[in-house]
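Please read them with the structure open beside you.

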Amino acid sequence: MTFTETTTPTKPTFSLLFSSSSASNAAASSSLSNSSSIGSRPNHVLDLGSSIESLKLRLERTTRMGSEEKRRSPKIVYGDGGYVLEDVPHLADYIPNLPIVVHKDSPRGTHFRRAGPRQRVCFESDEVSACIVTCGGLCPGLNTVIRELACGLSHMYGVTKILGIEGGYRGFYARNTINLTPKCVNGIHKRGGTILGTSRGGHDTTKIVNSIQDRGINQVYVIGGDGTQKGASVIFEEIQRRGLKVSVVGIPKTIDNDIEVIDKSFGFDTAVEEAQRAINAAHVEAESTEYGIGVVKLMGRNSGFIAMYATLASRDVDCCLIPESPFFLEGKGGLLEYIEKRLKENGHMVIVVAEGAGQELIAESVRSENREDASGNKQLLDIGLWLSQKIKGYFAGKKKMAINLKYIDPTYMIRAVPANASDNVYCTLLAHSAIHGAMAGYTGFTVGPVNGRHAYIPFPRITEKQKKVVITDRMWARLLSSTNQPSFMSNREAEEANEVEEPQLQHWDVENSWVDEQDDHDYHSPAHNGSL
């Protein structure tokens, strides 16, 4: 989209009451002559001169006021198709020849189809036979999504055949189902967990698709994390291979918020809110004793979003450890040295650690086998317990600093709570977007907000990689500013980080290139993704 900047003329116009015609000059001379006969000519000449100076001052003042009004007026930019952008001011508006620094080959980004109701649908209400399944671990909001899917299908499209698949993927071929109606799901959003039950693993594509085909199901709603979405993608591919009229829709669920592309997953806000209780308890315990230390382990297998946001929200945390930011214990600049320093300064300390942080350090000191759960996830060692033991061992030899350490693990308490108000609203939007997409005939997609706009995202885009905290991003910088913790990266890791190639920047001439480039860099969706 190309935008053209326009400005509305705001300079005032003036009507001057002086004429340069000879008749007017003659009339003015006559008037002055007549006035002089009564001895008042000098005064009239003086008054006329004062009037001219006064008008000049008024003209200058009005012109300045017009310029100030122009600077205060909105910057309106008109684009193709009648689009109007109320833009923010830019330095180039009033500084000539300002050099602009832009990324030279900035991509326009990937766009996804906008979610929402469509004018044309591919299913009659009475022919729809929908099913809902929940897989993987528990998460706040599961029951809310189930409720809104059942109520949305019934109230918006008049669907009456809605099945709940019990026990995760294996429930398809174990023939465990329950009928879902708006009445039976009415109050389930107030409860934690999932009324359908859940499990890890049990994915047998052939058996699942056979069950879908035998039951006459033509809409499948799969609620789960990245592993579950991968399973849904395989189911969709098999259904597509068989040529079945079945829409397969994924609703992303992960309390870790590690699903790529989407802004966030449901349950995350609730998890951050509930984590505050554990952090507050750790802070009370720590500050109530001399050299008190509170260690809180939060969820975050591969991504530290919960730990990061809970730390920022708390303001009582002195150190946050996540999988994306390596750290080391002993030696100068290590974690143990920082803990000792902070205890001497404040007398107490609170540490928040994500469950996936420091796993390589535990592996070096503890012999462990690489075991996986039924979903294929690597089983993690308890970083919170291991870290607590290391801290106690370090201070055991320091008789002048007898620490009092409390370790809190609220993991399963957080997973089991009902969704808060924010997540309940979010779950409703996800469910309705999924229903509209399936009824319109779209399939093989996951719903979710992309840059604030709900969109339909193809399964491969969701499952190709996990979202992680970017430790060079502003949010992590905000956390470091809040906790005032140092970077625990080793010299080798720092050197590797410095070797990352910086994007090439070029200076652009405002007069020659700014109008052309601002479409690419100011008014377009962010480079990594967007929605239509």
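Among contacts in the protein chain between residues at least 6 apart in sequence, what percentage join residues at least 24 apart?

1. The share is 78%, where contact means heavy atoms within 4.5 Å. Please bear in mind that this is a predicted model, in which local features need pLDDT of at least 70 and side-chain atom pairs count only at pLDDT 80 or more, whereas totals for chains, interfaces and linings use all residues. Residues are numbered from 1 along each chain as its sequence is written, and side-chain values use heavy atoms, with hydrogens and water left out.

2. The protein chain has 17 helices and 18 strands, these being DSSP runs numbered from the N terminus (helices H or I, at least four residues; strands E, at least two). Of its 532 residues, 43% count as buried, which is to say under 20% relative accessible area, with exposed meaning over 50% and partly exposed in between (1.4 Å probe, protein chains only).

3. Thr254 lies in the loop that runs between strand S10 (247–252) and helix H7 (268–287), and it counts as buried because its relative accessibility is 10%. Once residues up to four places away in sequence are set aside, Thr254 touches Cys139, Gly225, Ile259, Ser265 and Phe266.

4. Asp226 is found in helix H6 (residues 226–242) and is partly exposed, because its relative accessible area is 22%. Apart from neighbours within four places in sequence, Asp226 is in contact with Ile259, Thr463 and Gln466.

5. In helix H5 (residues 205–215), the buried residues include Thr205, Ile208, Val209, Ser211 and Ile212. Seen down the axis of H5, its buried residues fall within an arc of 155°, so they line one face of the helix; the arc is that of the directions from the helix axis to the C-beta atoms. Their cover includes helix H4 (171–174), strand S9 (219–224) and H6, and just after H5, Gly216 takes a positive phi of about 75°.
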